[in-house]
Amino acid sequence: MTDLRVRFAPSPTGMFHVGGARTALFNWALAEQSGGTFVLRIEDTDASRNQPEWTEGIISALDWIGVNGTNPAFEGPYFQSAFEPQHREAVAKLLADGRAYYCDCTREDLVARTGSEHKGYDGHCRGRGLTAGAVRFRTPDEGVTVVEDVIRGRVEFPNDAQEDFVIARTDGSPLYVLANAVDDITQNITHVVRGEEHLGNAAKQVMLWPALGARPPVWAHLPVIVNEQRKKLSKRRDKVALESYREEGYLAEAMVNYLMLLGWGPGDDREIMPWSEMMPLFKLDNVNAASAFFDEKKLRAFNGEYIRALPLETFEERCAGYLDASWDRETFSKVAPLAQTRIGVLSEIRQNVDFLFLDEPAFDQASWDKAMKNEPAAILSGYLDRLETVSWDPESLKVALEEVGTAHGLKLGKAQAPVRVAITGRTVGLPLFESIEVLGRERAQDRLRAALARLQA
């Protein structure tokens, strides 16, 4: 074990952002590779967000990507609200040391004094000797505050541009910037690895840590994750909830692999890599400061690779949650090898195999309109006749349809379009002749007759 201690401190929001998952994984990699500790701390001081099911959602999402208490590197969860006594003690210390002061100014007061809606706090209450009000930390008047960031290098914040920031409300409850610093000090956090949007807070915390008698941690601010328009991922606009990807049928292994590559790479051309290979190679100083593009198409491609690599029995087990419980598993097992090579997410399994279990296929109207051209009735009728006596194996079924197509001047690709829709209800899906074989002679004939009747209607 080492003394390295990283923390992941999410706020309950009702969903777990993929950016938060990336941050958690980077912290987890640091902890695991060094024999250090990953501390989970829930930022639960906002009463409007303090809902137990949201906290449970965070823990469940982390567990899905492999960050959980089954590993000795994991510690927690802790809850920020439990540390409120330490927060209040810290405020009292800063007041007693002259590093903070009470302030009763309102926003309207500040605007009246400065004549501007945009200027920061002017230090009006520094020398007033108030004994109540909000509490502000007194920032230096000159020089710069420096954040030494592993990813971004030396980042300077001129002190004359830093306002005396509020660390506690008038009721004594702490604000995020103070609570975070106190919690990190209390829990002996050595490395703070978090999103780029917190870089401004780091400047304030660099002032707070020494004022509270502690040495600041190692800072690393990860690049922002953007969409294809190069805008920061937003839950209002983009698909960002880890839970939605999980429900859709993305594998945790694929999600972990993809998220680890958002801003970092192993230093070679490899992309598909299990956690056991990525984790030892991860280095904070190799993380790119430039924004990282969340490409859902690439994530889907990763997921397809991981699906195809599953043992067949495991693939069938993972598909079970997306299939109707009444569907015959023995029949599904016959087509599972065909489906495994074709789907990108597990939820697609249903639309690929449902034709086997329904009395009638679920016709997609667009597929029907597209396929029922080029003498569809003649093709369906001719193939129906051939199914009476053809040997029941994929190759024989294929040859029979080729012969029907040739008789009507059509190649196999054109001839099989109406047959596929008649059998499965869709223009795309599993290999047609293997599907017909599993469906069975009588049911296949019934579907061709039903399609002919629909054409006549």
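**Working notes**

Reply: UniProt, in an unreviewed entry, places "domain: Aminoacyl-tRNA synthetase class I anticodon-binding" at residues 320–452. UniProt positions are in the numbering used here, feature names are shortened, and annotations may be inferred rather than shown by experiment.

Me: What are the ground rules for the model?
Reply: This is a predicted model, in which local features need pLDDT of at least 70, side-chain atom pairs count only at pLDDT 80 or more, and totals for chains, interfaces and linings use all residues. Residues are numbered from 1 along each chain as its sequence is written, and side-chain values use heavy atoms, with hydrogens and water left out.

Me: At what angle do α15 and α17 pack?
Reply: Helix α15 (residues 376–386) packs on helix α17 (residues 412–424) at about 70°, with the axes 9 Å apart. Axes are lines fitted to C-alpha atoms, for helices over the stretch in contact, and angles run from 0 to 180 degrees between N-to-C directions. That makes the two helices α15 and α17 roughly perpendicular (65 to 115 degrees).

Me: Which residues meet there?
Reply: From α15, P376, I379, L380 and Y383; from α17, A415, P418, V419 and A422. Contact means heavy atoms within 4.5 Å.

Me: Switching to α3. Which of its residues are buried?
Reply: H87, A90, V91 and L94 are buried in α3. Buried means under 20% relative accessible area, exposed over 50%, partly exposed in between (1.4 Å probe, protein chains only).

Me: Why do they line one face?
Reply: Seen down the axis of α3, the buried residues fall within an arc of 100°, so they line one face of the helix. The arc is that of the directions from the helix axis to the C-beta atoms. An α-helix has 3.6 residues a turn, so residues three or four places apart point the same way.

Me: What covers them, and what is on the face turned away?
Reply: The cover includes β4 (100–103), β5 (134–137), β8 (166–168), α5 (176–186) and α6 (199–211). Exposed E89 and A96 are on the face turned away from the buried side.

Me: Where is K283?
Reply: K283 is in the loop between α9 (275–281) and β12 (292–293). K283 is partly exposed, at 48% relative accessible area. K283 and L30 are 253 residues apart in sequence, but 7.8 Å apart in space, C-alpha to C-alpha.

Methods
Helix = DSSP H or I, 4+ residues; strand = E, 2+ residues; numbered from the N terminus. Parallel < 35°, antiparallel > 145°, perpendicular 65-115°, else oblique.
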